[in-house]
Amino acid sequence: MSWYADRLKRLRTDQRMSQQQLADRSKMTKAYVGQVERGERKPSFDVVERIAAALGAKIYISLENPEPPALNPKNKPKTSIASRFNK
């Protein structure tokens, strides 16, 4: 299950809201809301925003710098044998 699916379901159940109520408030079908909660659908950001708004929730996204790629010994720059003796 994805992070947003678990969180959306928890927010809905904490408010004692049925899937049908959430679907009505977010202008979606109950079947679609259920699929999102089970992680069977990957909704667009717009859909996640609509569901969150229907729940009175805010969305926070944290973007971080990517990890630098690991050095692969096969990708090391090639050196000539002569360069080893010029030190």
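1. Basis. The model is predicted, so local features need pLDDT of at least 70 and side-chain atom pairs count only at pLDDT 80 or more, while totals for chains, interfaces and linings use all residues. Residues are numbered from 1 along each chain as its sequence is written, and side-chain values use heavy atoms, with hydrogens and water left out.

2. Salt bridges in total. How many salt bridges does a search of the whole structure find? The search finds three. A salt bridge here is a side-chain nitrogen of Lys or Arg within 4 Å of a carboxyl oxygen of Asp or Glu. In general, side chains of opposite charge can pair when their charged atoms come close.

3. D6 and R10. These two side chains form a salt bridge, with 2.6 Å from N to O. Both residues belong to helix α1 (residues 3-14), where they are four residues apart, about one turn of the helix. Helices (H or I, at least four residues) and strands (E, at least two) are DSSP runs, numbered from the N terminus. An α-helix has 3.6 residues a turn, so residues three or four places apart point the same way. D6 is partly exposed because its relative accessibility is 35%, and R10 is partly exposed because its value is 42%. The cut-offs are as follows: buried means under 20% relative accessible area, exposed means over 50%, and partly exposed lies in between (1.4 Å probe, protein chains only).

4. R12 and E37. The closest N and O atoms of this salt bridge are 2.5 Å apart. The pair links distant parts of the chain, since R12 is in helix α1 and E37 in helix α3, 25 residues apart. Are R12 and E37 buried or exposed? Both are buried. E37 counts as buried because its relative accessible area is 3%. The side chain of E37 also makes a polar contact of 2.9 Å with that of Q19. A polar contact is a pair of N or O atoms within 3.5 Å; within protein, one must be able to donate a hydrogen and the other to accept it, and residues adjacent in sequence count only if both atoms are side-chain atoms.

5. R38 and E40. Here the side chains meet in a salt bridge of 3.0 Å, N to O. R38 is partly exposed because its relative accessible area is 47%, whereas E40 is exposed because its relative accessibility is 52%.

6. Helix α3. This helix spans residues 30-37. Its buried residues are Y32, V33, G34, V36 and E37. Which helices are included in what covers them? The cover includes α1, α2 and α4 (45-55). After α3 comes G39, with a positive phi near 75°.

7. S26. This residue is in helix α2 (residues 19-26). S26 is buried because its relative accessibility is 3%. Its contacts (heavy atoms within 4.5 Å), leaving aside neighbours within four places in sequence, are with V33, R50, I51 and A54.

8. L55. This residue is in helix α4 and is buried because its relative accessible area is 5%. Apart from neighbours within four places in sequence, L55 is in contact with L8, L11, R12, Q15, M17 and L22. L55 and R25 are 30 residues apart along the chain, and their C-alpha atoms are separated by 8.5 Å.
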